[in-house]
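Please open the model in a viewer and follow the stops below in order.

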There are 2 protein chains.
Amino acid sequence: MESKDLRNAGLKVTLPRVKILEILETSKARHFSAEDVYKLLLESGEEIGLATVYRVLTQFEAAGLVTRHHFDTGHSVFEMNLGNHHDHIVCVKCGRVDEFFDETIEKLQHDISEKAGYKMTDHCLYIYGVCEECQKLE
Amino acid sequence: MESKDLRNAGLKVTLPRVKILEILETSKARHFSAEDVYKLLLESGEEIGLATVYRVLTQFEAAGLVTRHHFDTGHSVFEMNLGNHHDHIVCVKCGRVDEFFDETIEKLQHDISEKAGYKMTDHCLYIYGVCEECQKLE
DNA sequence: ACTTAAATGAAAAAGCTTCTCATTCTTATT
DNA sequence: AATAAGAATGAGAAGCTTTTTCATTTAAGT
Ligand SMILES: [Mn+2]
Ligand SMILES: [Mn+2]
Ligand SMILES: [Zn+2]
Ligand SMILES: [Zn+2]
């Protein structure tokens, strides 16, 4: 039930917010651009403006419901926050995105921040490469 | 002598390219937005268009003279390629950028790519945090 | 139901980057 | 040193993603 999530986040339960949350939760994909979400809304018959999609995704991010990524694609990518931090490996040919988590790297990042005198707030590691499928096509 | 670098990169020796290379090499800073470079050119009395700055930086990147970064700032950041790969730690308050290199993390990234079936082409690790100076101001 | 503040949609605007095209400059050749 | 051919430049237009504006609609507490 999405209404609870929204209320917990201090957000009014509106149709656009419910529908967007629904798409983020139930689609096969896990990583969406704002445009992706907008198109999926249209496909499902909802007339929700692109500006609202951006607004709502930004609010979801602020509320911790969603994480925003900055791949080298020129646009933001959003993903439901399932509480499991992970990093990304992106295919430069087809755009496929895989996820990974490495305890050792996480620890080292903390050490590095500390040594540099920083109080770490966030971090992200992007590996770019050619996925198995795309290697075959070359 | 910048002319040699340019010729080696297969680029004609033009005034904009020489001046931009000069700025990248001799400024105290190491990380520049296109706008940064443009302003430094104006300050030094050169009338070079912003479009040319973008064009030249992109050519430098293609030639391997320069590396382009995508911090969470909404604009590209360029840096002379000195042959020493490193990653970045960025202050979310003041924009300060520090650099680091960790052999172990580098190795682990290779292992992860391999395990995921990817042929790695590039990678970048950004740590975001509050630098020592900015912590004092809070 | 009523009221009030918040949310939405459409369009405009912003911010960064690329493109277009007439003009200028580099470089190789006389 | 002059010439010719093609590449590079500058100014502005245009492109793309994202944000803002503002009139209208909607949610939620009374
Ligand atoms: Mn993910
Ligand atoms: Mn650097
Ligand atoms: Zn691929
Ligand atoms: Zn700082």
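Select the surface near DNA strand D: its residues divide into six nonpolar, six polar and six charged. Here Ala, Val, Leu, Ile, Met, Phe, Trp, Tyr, Cys and Pro count as nonpolar, Asp, Glu, Lys and Arg as charged, and the others, Gly among them, as polar; a residue is near if one of its heavy atoms lies within 4 Å. This is a predicted model, in which local features need pLDDT of at least 70 and side-chain atom pairs count only at pLDDT 80 or more, while totals for chains, interfaces and linings use all residues. Residues are numbered from 1 along each chain as its sequence is written, chains are lettered from A and ligands numbered from 1 in the order in which they are written, and side-chain values use heavy atoms, with hydrogens and water left out.

Next, select S76(A), where a backbone N or O atom lies 2.6 Å from a phosphate oxygen of DNA strand D.

Now select the manganese ion (ligand 2). H31(B), E79(B), H86(B), H88(B) and E99(B) coordinate this ion at 2.1 to 2.5 Å, donors being N, O and S atoms within 2.8 Å of the metal (3.2 Å for Na, K and Ca); water is not among the atoms, so sites may look incomplete. In sequence, the donor residues are spaced H-x47-E-x6-H-x1-H-x10-E.

Finally, select H31(B) and H88(B): both are buried, that is, under 20% relative accessible area (1.4 Å probe, protein chains only).

How values were computed
Buried < 20%, exposed > 50% of the residue type's maximum accessible area, 1.4 Å probe, protein only. Polar contact = N/O pair within 3.5 Å; in protein donor to acceptor, adjacent residues only side chain to side chain.
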